[in-house]
Every structure is written in C-alpha cells, then in structure tokens.
Amino acid sequence: MSVIFSANIANHHVVPAVRMTQKSKFANPSAKKYIAHQQMLAMVFRSAFISKDTITTDCSLSFVVYYADRRRRDIDNVCKSVMDALQQAQVIKNDDQVKELRAKMLYSKEEKLTVTLRNMGEQNESRRSKK
C-alpha cells in the first residue's frame with residue numbers, strides 16, 4: 001500500500017468530536033470549539049496535501065495524537081475529528097472510504113498529530129478482478 005498523504009503537525013491540540021444537533025452547533029460552546037478546530041485542522045491538511053485531486057479510492061488511515069495532559073478522552077471521538085477534517089479539507093471525498101484504521105493516543109510534553117493515508121484501491125481492484 002502506497003502512502004498518498006502524510007502530515008506531521010507540531011504544537012497542535014486535537015479536539016475530539018462532540019455530539020450536536022443543527023441547533024446546538026450554534027449555541028453549545030463545546031460544539032463551537034469543535035467546529036472552529038475542524039476548520040483550522042482542515043486548512044492545515046489542505047496545505048499539506050500536494051495533489052489537487054481529492055482521493056476517491058479506499059484507504060487506510062493511521063495516526064498518532066500526542067496530548068500534554070492525561071484528561072480522559074474517547075479515542076473514537078478523536079478518530080472522528082481527524083476523519084472529518086480530512087473530508088472537510090477535501091483530501092478524501094468521504095470518510096466512508098477509510099476501510100482500515102489505526103489510531104494511538106499517547107502523552108508527551110509537546111502536543112502533536114501525525115497522520116498517514118495509504119491507498120488500498122490497488123489491492124481492492126486486484127481482488128475484484130480475481131473473482
């Protein structure tokens with residue numbers, strides 16, 4: 001599987017996804033913070049994305065997020081946050097293209113995020129042709 005996108009973002013605090021309704025995203029402070037984070041992270045991903053064409057094939061996503069504090073966070077909400085930002089940045093067309101996911105939350109003095117997308121399309125195409 002070949003790497004199709006990679007980003008290392010230093011000094012970045014990943015805000016986990018929050019539950020929200022259409023109405024609460026304008027009123028709930030946590031939702032507002034999450035939306036602002038998504039927009040900022042999407043801009044960073046877009047600037048790191050060399051290709052102008054959105055990825056439309058199935059892919060494998062792996063990332064490591066480093067937090068400076070040990071507050072309790074659900075890793076599934078962190079995954080959703082990263083995938084939403086990749087989609088918003090138009091790196092991937094839709095987060096349902098992610099067929100394999102590897103995520104790690106670690107603790108460090110410096111908060112950062114490393115993201116790698118690998119192409120699974122070639123592998124899936126060869127499997128389809130054998131059937």
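Arg73 is buried, at a relative accessible area of 13% (buried means under 20% relative accessible area, exposed over 50% and partly exposed in between, with a 1.4 Å probe and protein chains only). Its side chain still meets that of Asp69 in a salt bridge, 2.7 Å from N to O (a side-chain nitrogen of Lys or Arg within 4 Å of a carboxyl oxygen of Asp or Glu). Bear in mind that this is a predicted model, where local features need pLDDT of at least 70, side-chain atom pairs count only at pLDDT 80 or more, and totals for chains, interfaces and linings use all residues. Residues are numbered from 1 along each chain as its sequence is written, and side-chain values use heavy atoms, leaving out hydrogens and water.

**Salt bridges**

- How many salt bridges does the structure hold? There are five.
- Asp69 also pairs with Arg71, and here the closest N and O atoms are 3.1 Å apart.
- Asp69 is partly exposed at 25% relative accessibility, while Arg71 is exposed at 53%.
- Glu100 and Arg102 bring their side chains together in a salt bridge as well, at 3.6 Å from N to O.
- In that pair, Glu100 is partly exposed with a relative accessible area of 25%, and Arg102 is exposed with 53%.
- Shared partners link Asp69, Arg71 and Arg73 into one salt-bridge network.

**Cysteines**

- Searching the whole structure for disulfides turns up zero (the test is a pair of cysteine sulfur atoms within 2.5 Å).
- Cys59 is buried, with a relative accessible area of 0%.
- Cys79 counts as buried too, at 8% relative accessibility.

**Helix α3**

- Helix α3 covers residues 75–88, which is 14 residues (helices are DSSP runs of H or I with at least four residues, strands are runs of E with at least two, and both are numbered from the N terminus).
- From first C-alpha to last, α3 reaches 20 Å, close to the 20 Å expected at 1.5 Å a residue (the expected span is 1.5 Å times one less than the number of residues).
- Which residues of α3 are buried? They are Val78, Cys79, Ser81, Val82, Met83, Ala85 and Leu86.
- As background, an α-helix has 3.6 residues a turn, so residues three or four places apart point the same way.
- The cover over the buried residues of α3 includes helix α2 (29–48) and the strands β1 (3–10), β2 (59–67), β3 (98–107) and β4 (112–119), with contact meaning heavy atoms within 4.5 Å.
- Just after α3, Gln90 adopts a positive phi of about 65 degrees.
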